[in-house]
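Thanks for coming. I will show one structure today and go through it part by part. Please look at the sequence and the model before I start.

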Amino acid sequence: MENRTRYIPSIVMLAAAFAACIMSIYYDYTTKEILWIVLGTIVVFFIIGIIVKVIADKYLITTMEAEIEEQSEDEEDNSDSKENSMDDRDDINVETTPKKN
């Protein structure tokens, strides 16, 4: 489950840093100002990305556990019904017709 959400903080941080960098250049900030703006953006959005990752992990874990429980219940029901249907087949009396010569 960890692999699904591992890259969320990095993607959020890099997307925000890219937007901050482009906007800083567009509005003619000095290099030193751009450095501080992008650094602050990276830190803030990395923390936001971690929060989003934790929420996503909790949500995905609970939904995955529910799906696994449903699948195991379905498999148990299917195996029980297959066993019952095999028992029913043993009880069936099949008459064969003689072959015509």
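Predicted model: local features only at pLDDT ≥ 70, side-chain atom pairs only at ≥ 80, totals over all residues.

Which residues make a nonpolar surface patch of about 720 Å²? They are L35, W36, L39, V43, I47, I51 and I55. Residues are numbered from 1 along each chain as its sequence is written, and side-chain values use heavy atoms, with hydrogens and water left out.

Back to the patch. Patches are made of residues with over 30% relative accessible area and no salt bridge; like charges are joined within 9 Å, and nonpolar side chains (Val, Leu, Ile, Met, Phe, Trp, Tyr) within 5 Å. Accessible areas come from the Shrake-Rupley method with a 1.4 Å probe, and for residues only the protein chains shown count as cover. One of the patch residues, L35, sits in helix α2, residues 31-91. L35 counts as exposed because its relative accessibility is 54%. The cut-offs are these: buried means under 20% relative accessible area, exposed means over 50%, and partly exposed is in between, with a 1.4 Å probe and protein chains only.

Now the chain as a whole. It has 2 helices and 0 strands. Helices (H or I, at least four residues) and strands (E, at least two) are DSSP runs, numbered from the N terminus. Of the 101 residues in the protein chain, 14% are buried. The chain exposes about 8800 Å², and carbon and sulfur atoms supply 60% of that. Among contacts between residues at least 6 apart in sequence, 77% join residues at least 24 apart. Contact here means heavy atoms within 4.5 Å.

Next, the start of the chain. T5 is in the segment before α1, which covers 8-26. Is T5 buried or exposed? T5 is buried, because its relative accessible area is 2%. Setting aside neighbours within four places in sequence, T5 contacts K53, A56, D57 and L60.

How many salt bridges does a search of the whole structure find? The search finds 1. The side chains of D57 and K53 form it, at 3.1 Å from N to O. The rule is a side-chain nitrogen of Lys or Arg within 4 Å of a carboxyl oxygen of Asp or Glu. D57 and K53 are 4 residues apart in helix α2, so about one helical turn separates them. D57 is buried, because its relative accessible area is 12%. K53 also counts as buried, at 15% relative accessibility.

Leaving out neighbours within four places in sequence, T41 contacts A16, A17 and A20. I48 is in helix α2 too, and I48 is partly exposed, with a relative accessible area of 36%. I48 and V12 are 36 residues apart in sequence, and their C-alpha atoms are 7.9 Å apart.

Now the region around the loop. M23 lies in helix α1 and counts as partly exposed, at 42% relative accessibility. M23 and I34 are 11 residues apart along the chain, with 9.3 Å between their C-alpha atoms. D28 is in the loop between α1 and α2. Although D28 is not a glycine, its phi is positive, about 55 degrees. D28 counts as exposed, at 68% relative accessibility.

Last, the aromatics. How many aromatic pairs does the structure hold? It holds 1. The ring centres of Y26 and Y27 are 5.0 Å apart and the planes are at 85 degrees, so the pair is edge-to-face. Rings of Phe, Tyr and Trp (its six-membered ring) pair if their centres lie within 6.5 Å; planes under 30 degrees apart count as stacked, over 60 as edge-to-face, and the rest as tilted. Y26 is exposed at 62% relative accessibility, and Y27 is exposed with a relative accessible area of 52%.
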